[in-house]
Amino acid sequence: MENSEGVKIESTVVTEEPLISALDIALFVVIIAVAYFWYFKRDKQSSSSEKKPYTIQPSSLSSIEQTSNSSFIKKLKSTGRSLVVFYGSQTGTAEEFAGRIAKEGARYKMKGMVADPEECDMADLVEMKEIQKSLAIFCIATYGEGDPTDNAMDFYEWLQNGDADLEGLNYAVFGLGNKTYEHYNEIAIYIDQRLEELGATRVHEIGLGDDDANIEDDFVSWKEKLWESVCSHYGIEETGEESNIRQYKLVDCSEVLPERIFSGEISRLKSYENQRFPFDVKNPYLSKIAVNRELHKSGDRSCMHIEFDIDGSKMRYDTGDHVAVYPKNSSELVDKIGELLNADLDAVFSLLNTDEESSKKHPFPCPCTYRTALTYYLDITSNPRTHIMKELIEYASDPKDQEKLKLMASSTPEGKKEFHEWILRDNRNIVHILEDLPSVKPDLDHLCELLPRLQCRYYSISSSPKVYPKSIHITAVLVNYTTSTNRVNKGVATNLLAQLIPTNDELPQPTIPIYIRRSQFRLPPKSQTPIIMIGPGTGLAPFRGFIQERDYARKEGREIGEMVLYFGCRKKDEDFIYENELQEYVANGTLTKLHLAFSRDQPEKKYVTHLLEQNADELWNIIGEKSGHLYVCGDARSMAKDVHSIIVKVVMEKGQMTNSQALNYVKKMEQQKRYSADVWS
């Protein structure tokens, strides 16, 4: 027989036994003995603890102490500070900007601190008025489809659901966004308006940074005007030139035992040797590469199909989710920095925050070697921001190099132009700068403090857990390009992945740290709902998972709705990825229609947007008459915008609506999750 959970239960014959057996008596004696021993041992420990002092390590703080530490007001008051800069950051840029503002506060007699809203009791904002000439600044990024960053989510919900009286709170907001996305800086705009609604006083107008253009320029311009407003509001004057005060101090760790030294772990020491569930941004899973194969048939470009093995990890994903991959910098670039600075990359060091009240003791896991820091923790391939140019000035021995750095660090039109051309247009990273300005020799520990953290890379998952529960698939284009200075820049993650080729022998398989990030990019709850998928290039990735999931449902005997896919690439014989799979889905009826655009197979370029315009009746039939879902994945800068415009036009013409009505119709589709976009710039 089976119980309600399907567990087999054996039938047995029951015979009568004495009420209390010898075994019961023996067990009772053992329990009494254990209880007696535990009681007197505890009493002894208790009395000895009164005589012997003890300490609790930070990682073992009690819940009471953690609550106390969450009060940023107490920290401000106890350290005589009046400025707190909160950050909502997904990639580290907002946190970096917050640190720069807090540091500059000293020039205006405002001692500042940086705070993570996730680690603070934000209800304490009501007490800011108790601190004389206090100011709260918010550097807030908008992430995804108008979402708060993970660490700002609780604060955002507190503002939405609460009605705190924030009269007496002085504030300013700088937003970090990207104009190629529809919900540009939506979270920062909301926070700015909501704080005012709750009675707070806006000291300076909101700043909106555009990462699609030059967010550094946007930030610097806003910051300069911010301090002018602060001086006017509080009646204070600038104290003089800003000094380059170090935030972290160097600690020699040459005597630290090898087992206490970080070697690339994100947070917990030895976390890759002793893997523990659950896996997340601070505790990634070290996954084996099960498959790594080329998808392009010919040509000089490369697109990889990679499968991560998650068998035994307890990790679960849904179709449409993203996987985060933690890359590492190439040893060639790391060695070059050591060579240029004549530094011992294998020396063990630590950077300790000079602000004892800060919750962030180190900029990255410490202690470690310089080689480890430059390989796993620091971004050495992106374009450095202007504040790094400013900090490098003191290390230039050649007056010409010094003047060039001063110019690029300035906010003058000439300086901005020089920075844009020499750094951004020519795509110089820190290695290129040290090569082209040979007299600049910064201390390696200071450089490690200045460089931003190396961030994980996100990829749309191109598989369905129904079909592949033990693996995660991604589709990634290898990034390699030549700059105007004839240097070859390589994508950090894709070039690492290209090297991780699994072998057929018994050698250890290549591994890489990953974790799953949840997405709102989801199939309709009902498998019968018709859908349109628009995904040129690697925008096909999540739709491969969608098709697999519907195909699985069909094979189970369930009814599935129409599936229409728009796919485009350059040439059919070169980069038509997953061609055989897609044709098979068409043949078995899972994929109702496959619309293809090969842009370079004919004299006039042909894109998926051209096909959409030609198939207006089909579009309206699914999204209008049948209330189907529409999905877009790929380039946000042009493709996604063009698709949006075409959809509005189709709704106008086929739905017989005005432009305003059509826009509202599409907006309602987005709100109902019937129009979803997974795009990047």
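**Helix H9 and onward**

Reply: In H9, the buried residues are Tyr-370, Thr-372, Ala-373, Leu-374, Thr-375 and Tyr-377. Bear in mind that this is a predicted model.

Me: How many of the eight residues of H9 are buried, and what follows from that?
Reply: Six of the eight, so helix H9 (residues 370-377) is largely enclosed by the rest of the structure.

Me: H14, ok. Which residue forms a salt bridge with Asp-445?
Reply: Arg-246 does, with the closest N and O atoms 2.8 Å apart. The pair links distant parts of the chain: Asp-445 sits in helix H14 (residues 444-450), while Arg-246 is in the loop between H7 and strand S8 (248-252), 199 residues apart.

Me: Is Asp-445 buried or exposed?
Reply: Asp-445 is buried, at a relative accessible area of 9%. Arg-246 is partly exposed, at 23%.

Me: How many salt bridges does a search of the whole structure find?
Reply: It finds 42.

Me: What about Lys-416, which residue does it form a salt bridge with?
Reply: With Asp-217, where the closest N and O atoms are 3.1 Å apart. This pair also joins distant parts of the chain, with Lys-416 in helix H12 (residues 413-425) and Asp-217 in helix H7 (residues 215-234), 199 residues apart. Lys-416 is partly exposed with a relative accessible area of 28%, and Asp-217 is partly exposed with 25%.

Me: Which side chain meets Glu-418 in a salt bridge?
Reply: That of Lys-404, at 2.4 Å from N to O. Lys-404 belongs to helix H11 (residues 399-409) and Glu-418 to helix H12, 14 residues apart.

Me: And how accessible is Glu-418?
Reply: Glu-418 has a relative accessible area of 19%, and the cut-off for buried is under 20%, so Glu-418 counts as buried. Lys-404 is partly exposed, at 22%.

Me: Switching to strands. In what sense do S9 and S18 pair?
Reply: Antiparallel, over four bridges, between strand S9 (residues 285-294) and strand S18 (residues 511-517). Leu-286 stands opposite Pro-513 in S18.

Me: And S9 with S10, over how many bridges?
Reply: Six, again in the antiparallel sense, with strand S10 covering residues 303-309. The bridge partner of Arg-293 in S10 is His-305.

Me: Back to helices. How do the axes of H5 and H6 cross?
Reply: The axes of helix H5 (residues 153-161) and helix H6 (residues 186-197) come within 11 Å and cross at roughly 45°. That makes H5 oblique to H6. The crossing is left-handed.

Me: Which residues meet there?
Reply: From H5, Phe-155, Tyr-156, Leu-159 and Gln-160 meet Ile-187, Tyr-190, Ile-191, Arg-194 and Leu-195 in H6.

Conventions:
Residues numbered from 1 in each chain as written. Predicted model: local features only at pLDDT ≥ 70, side-chain atom pairs only at ≥ 80, totals over all residues. Heavy atoms only, no water. Salt bridge = Lys/Arg side-chain N within 4 Å of Asp/Glu carboxyl O. Helix = DSSP H or I, 4+ residues; strand = E, 2+ residues; numbered from the N terminus. Buried < 20%, exposed > 50% of the residue type's maximum accessible area, 1.4 Å probe, protein only. Pairing = 2+ DSSP bridges. Axes fitted to C-alpha atoms, helices over the stretch in contact; angles between N-to-C directions. Parallel < 35°, antiparallel > 145°, perpendicular 65-115°, else oblique. Left-handed = near helix turned anticlockwise from the far one by under 90°. Contact = heavy atoms within 4.5 Å.
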